[in-house]
Amino acid sequence: MLSGDDAVWHIMRVAGGLDSLIVGEGQILSQVRQCYLHSVEDDGCGGKVLSRLLNNALAAGKRVRAETGISKGSVSISSAAVELSELLAQQDLQLPFSECRLAAVGAGKMTRLLITHLASRGLQKFTIVNRSLQRPQELAEQFPDVEIEVKLMDDLWDVVARSDIVYTATSSVDYVIDEQKLEENGVVGGRPLMLVDISVPRNVGEDCNDIQNVHAYNVDDLKAVVAKNTQMRQKEMIEAENLLREEAQAFMAWRESLSAIPTINQLQERANAFREEELKRCTKKLSNANLSDKELEAVERLSRGIVNKLLHGPMAHLRKTESIEGKQATLKELNAMFRLEDEDSKGRGRNARRRR
C-alpha cells in the first residue's frame with residue numbers, strides 16, 4: 001500500500017492516464033472525478049486533505065490532456081477505423097468525411113465502440129445491418145442522438161450500394177463481402193466505396209481491392225495506425241510527467257502549509273497576550289484621565305491594529321513560502337525568533353500544575 005508522497009504521485013499518474021493500459025485514455029479521469037465528488041458529499045469520508053488531493057489530481061489530468069498530445073491519436077481498433085476512414089475519405093471517395101453515408105455490418109461490441117467514436121465526431125445518421133433486430137435496437141436506445149436505421153441481412157447489398165463507407169464487424173468465419181459477391185449483387189463500376197474491416201477473422205476479402213473504385217482496409221492497416229499513435233503517446237509521456245510533477249509539488253506544498261497553522265495560531269495568541277497585558281497596564285495609568293468608553297475602545301482598536309501590522313509580514317512570508325524545505329525553515333525561524341516553543345512548554349507546564 002502506498003502512502004505519503006508515493007500515494008500523491010500515484011494518483012497524479014493515474015489521473016494523467018500514464019498508468020492506464022491505453023496511455024492517455026480518458027475513462028480513468030472520469031473515475032477520479034467520481035471519487036472526488038463522492039469525497040465531498042455529506043456522507044463522504046474524504047476529509048480536507050484527501051478531497052483536495054483528488055481535486056488536484058483531476059485538474060492535473062485535465063491539464064496533461066490539454067497541454068500535451070497524450071490523448072491524441074487512435075490507439076484502439078475501433079477508433080483507428082474511424083480515424084483511417086476520416087483521413088482517407090477525401091482521397092478515396094472524393095467526399096469530406098462529414099458528408100459520407102455510413103453503415104456497419106454486425107451489432108456487437110466493436111460496432112458499439114465504433115458508434116461511440118463516430119458520435120464524438122458529430123455522427124447523425126448510421127445504418128446497421130444484422131442477422132437479428134434485438135442488438136441493433138439496443139444500440140439505437142444507447143445512442144438517442146444518432147438516427148440509427150436497422151436492416152436485416154437480406155438488405156445487405158442494398159445498404160452497401162447506397163453507402164460510401166461500410167464497416168464490417170461480425171463473428172462470421174467466412175467473408176461477408178468479397179469480389180464475387182459484389183459483382184453478383186451489382187455493386188461494382190459505380191461510385192467509389194470504402195470497406196473497413198475491423199473483424200477477426202476477416203469479413204472482407206482482399207480481392208475487393210481488385211475492383212475499380214473499391215478501397216478495402218483490414219485490421220492490419222488499422223494496427224499500423226494504432227502502433228504509430230501509441231509510439232507518439234509514449235513520447236508525450238515525458239512532458240506529461242513533468243507537468244504532473246509540478247501539480248504533485250503544488251499539492252505537497254499546500255499539505256505542508258497546514259503545519260504552519262499551529263505556528264500562526266501560537267504567534268497570534270502570544271502577540272495578543274502581550275497586547276492585552278500592556279493595554280491593561282496602560283488603562284490603569286489612563287484611569288485618571290477620565291477617558292470615555294468610546295475613547296478607551298479607540299485605544300483598544302489602536303493596539304490591535306499595531307499588533308496585526310507587526311504580524312502581517314511574518315505570517316505573509318510563511319504563507320507564501322512555496323517549497324517544503326523553505327516552509328520548514330521559516331517555521332523554525334519564527335519559532336526561534338518569538339520563542340514559541342518555550343511558551344508552548346510553559347503553557348503545558350502550567351496546565352499540568354492546574355491538573356494537580
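**Exercise 1. The span of helix H1**

Task: Determine what span helix H1 (residues 4-16) should have at 1.5 Å a residue, and compare it with the distance between its end C-alpha atoms.

Solution. The model is predicted. Helix H1 has 13 residues. The expected span is 1.5 Å times one less than the number of residues, so H1 should span 18 Å. Its end C-alpha atoms lie 19 Å apart, which agrees with that expectation. Just after H1, Gly17 adopts a positive phi of about 80°.

**Exercise 2. The buried residues of H1**

Task: State which residues of H1 are buried, and which helices they pack against.

Solution. Step one is to apply the cut-off: a buried residue has under 20% relative accessible area. In H1 the buried residues are Val8, Ile11, Met12, Arg13, Val14, Ala15 and Gly16. Step two is to identify their partners, which are helix H2 (27-39), helix H3 (47-67) and helix H9 (219-257).

**Exercise 3. H1 against H2**

Task: Classify the packing of H1 and H2 from the angle between them, and describe the residues of their contact.

Solution. The two helices pack at an angle of about 130°, and their axes are 7 Å apart. On the H1 side, Ile11, Val14 and Ala15 take part, meeting Ile28, Leu29 and Val32 in H2. By class, the contact of H1 with H2 has six nonpolar residues, no polar and no charged. A general point bears on such patterns: an α-helix has 3.6 residues a turn, so residues three or four places apart point the same way.

**Exercise 4. H4 against H5**

Task: Characterise the crossing of helix H4 (residues 77-93) and helix H5 (residues 109-119).

Solution. Their packing angle is about 50°, with the axes 8 Å apart. This angle makes H4 oblique to H5. The crossing of H4 and H5 is right-handed. From H4, the contact involves Ile77, Ser78, Ser79, Ala81 and Val82; from H5, Met110, Leu113, Leu114, His117 and Leu118. The residues of this contact of H4 with H5 comprise seven nonpolar, three polar and no charged.

**Exercise 5. The whole chain**

Task: State how many helices and strands the chain has, and what percentage of its residues is buried.

Solution. The chain has 13 helices and six strands. Of its 356 residues, 40% are buried. Among contacts between residues at least 6 apart in sequence, 67% join residues at least 24 apart.

Definitions and conventions. Residues are numbered from 1 along each chain as its sequence is written. This is a predicted model: local features need pLDDT of at least 70, side-chain atom pairs count only at pLDDT 80 or more; totals for chains, interfaces and linings use all residues. Side-chain values use heavy atoms; hydrogens and water are left out. Helices (H or I, at least four residues) and strands (E, at least two) are DSSP runs, numbered from the N terminus. Buried means under 20% relative accessible area, exposed over 50%, partly exposed in between (1.4 Å probe, protein chains only). Contact means heavy atoms within 4.5 Å. Axes are lines fitted to C-alpha atoms, for helices over the stretch in contact, and angles run from 0 to 180 degrees between N-to-C directions. Angles under 35 degrees count as roughly parallel, over 145 as roughly antiparallel, 65 to 115 as roughly perpendicular and the rest as oblique. A crossing is left-handed if the near helix is turned anticlockwise from the far one by less than a right angle, and right-handed if clockwise. Ala, Val, Leu, Ile, Met, Phe, Trp, Tyr, Cys and Pro count as nonpolar, Asp, Glu, Lys and Arg as charged, and the others, Gly among them, as polar.
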